[in-house]
Amino acid sequence: MVQARWNGATIADSNATILLDGYHYFPPDSVDRDFLQETTQTSVCPWKGKARYFTLSVNGSVNPNAAWTYPDPKPKAEHIRDHIAFWKGVDVG
C-alpha cells in the first residue's frame, strides 16, 4: 500500500499506483479530493503532455501546486490519465 501524507492527513492511499519518472501516480478514486484545490498552474512534458496542478489544503495549511495530473495525456502516457502525483514535501511511501 502506498500513501501520500502531508500535514497530518492521508491524502491518497492505493496499492495500484503507477511509478513513473520517480513519482507514484495514484488512481483518481484513491485520492481524497477534499484536500485538493485546482490551480491555474500548468506545465508541459514533451512525452506526457500538459499537466494541471492542485494546491493541498490540510488542517489550515496550504501547499501550493503540490499535486498534478495529466487530464489529456499524449498517447505514450495514456496509462496515467487523471492519475495524481505529489511532491513539495508530501510524504509518499
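Modeller: Let us begin with a hairpin: β5 and β6 form one, with three residues between them. Strands here are DSSP runs (E, at least two residues), numbered from the N terminus, and two strands pair if DSSP finds at least two bridges between them. This is a predicted model, in which local features need pLDDT of at least 70 and side-chain atom pairs count only at pLDDT 80 or more, whereas totals for chains, interfaces and linings use all residues. Residues are numbered from 1 along each chain as its sequence is written, and side-chain values use heavy atoms, with hydrogens and water left out.

Colleague: How many bridges join β5 to β6, and in which sense do the strands run?

Modeller: Seven bridges join β5 (residues 36-45) to β6, and the two run antiparallel. Within this pairing, L36 stands opposite L56, and C45 has G49 as its bridge partner.

Colleague: What joins β6 to β7?

Modeller: Six bridges do so, again with β6 and β7 (residues 61-69) antiparallel. F54 has A67 as its bridge partner in β7. The hairpin of β6 and β7 has two residues between the strands, and N59 takes a positive phi near 50° there.

Colleague: In what order do the strands of the open sheet stand?

Modeller: The order is β5-β6-β7-β8, four strands with antiparallel pairing. β5 and β8 are at the edges with a single partner strand each, so one side of each has no neighbour in the sheet. On average, neighbouring strands of this sheet are turned by 35° against each other, direction ignored; the axes behind such angles are lines fitted to C-alpha atoms, and angles run from 0 to 180 degrees between N-to-C directions.

Colleague: Which residues have the most contacts inside the largest nonpolar core?

Modeller: A nonpolar core is a set of buried Ala, Val, Leu, Ile, Met, Phe, Trp, Tyr and Cys residues joined through side-chain atoms within 4.5 Å. The largest one here has 18 residues, and I11, V31, L36, L56 and F86 have the most contacts inside it. Two or more residues of this core come from each of β1 (2-6), β2 (9-14), β6, β7 and β8 (84-86). Another core, of 10 residues, lies apart from it and includes C45, A51, Y53 and I80.

Colleague: How does one describe a pair of aromatic rings?

Modeller: By the distance of the centres and the angle of the planes. Rings of Phe, Tyr and Trp (its six-membered ring) pair if their centres lie within 6.5 Å; planes under 30 degrees apart count as stacked, over 60 as edge-to-face and the rest as tilted. The structure holds five aromatic pairs. In one of them, the ring centres of Y25 and W68 are 6.1 Å apart with planes at 85°, so the pair is edge-to-face. Since Y25 lies in strand β4 (residues 23-25) and W68 in strand β7, this pair ties together parts 43 residues apart in sequence. Y53 and W68 form a tilted pair, 6.3 Å centre to centre with 40° between the planes. Ring pairs link Y23, Y25, Y53, W68 and W87 into a cluster.

Colleague: How many salt bridges does the structure hold?

Modeller: A salt bridge requires a side-chain nitrogen of Lys or Arg within 4 Å of a carboxyl oxygen of Asp or Glu, and the structure holds five. One of them joins R5 and D91 (2.7 Å, N to O). R5 lies in strand β1 and D91 in strand β9 (residues 91-92), so the pair ties together parts 86 residues apart in sequence. R5 is partly exposed at 27% relative accessible area.

Terms used. Buried means under 20% relative accessible area, exposed over 50%, partly exposed in between (1.4 Å probe, protein chains only).
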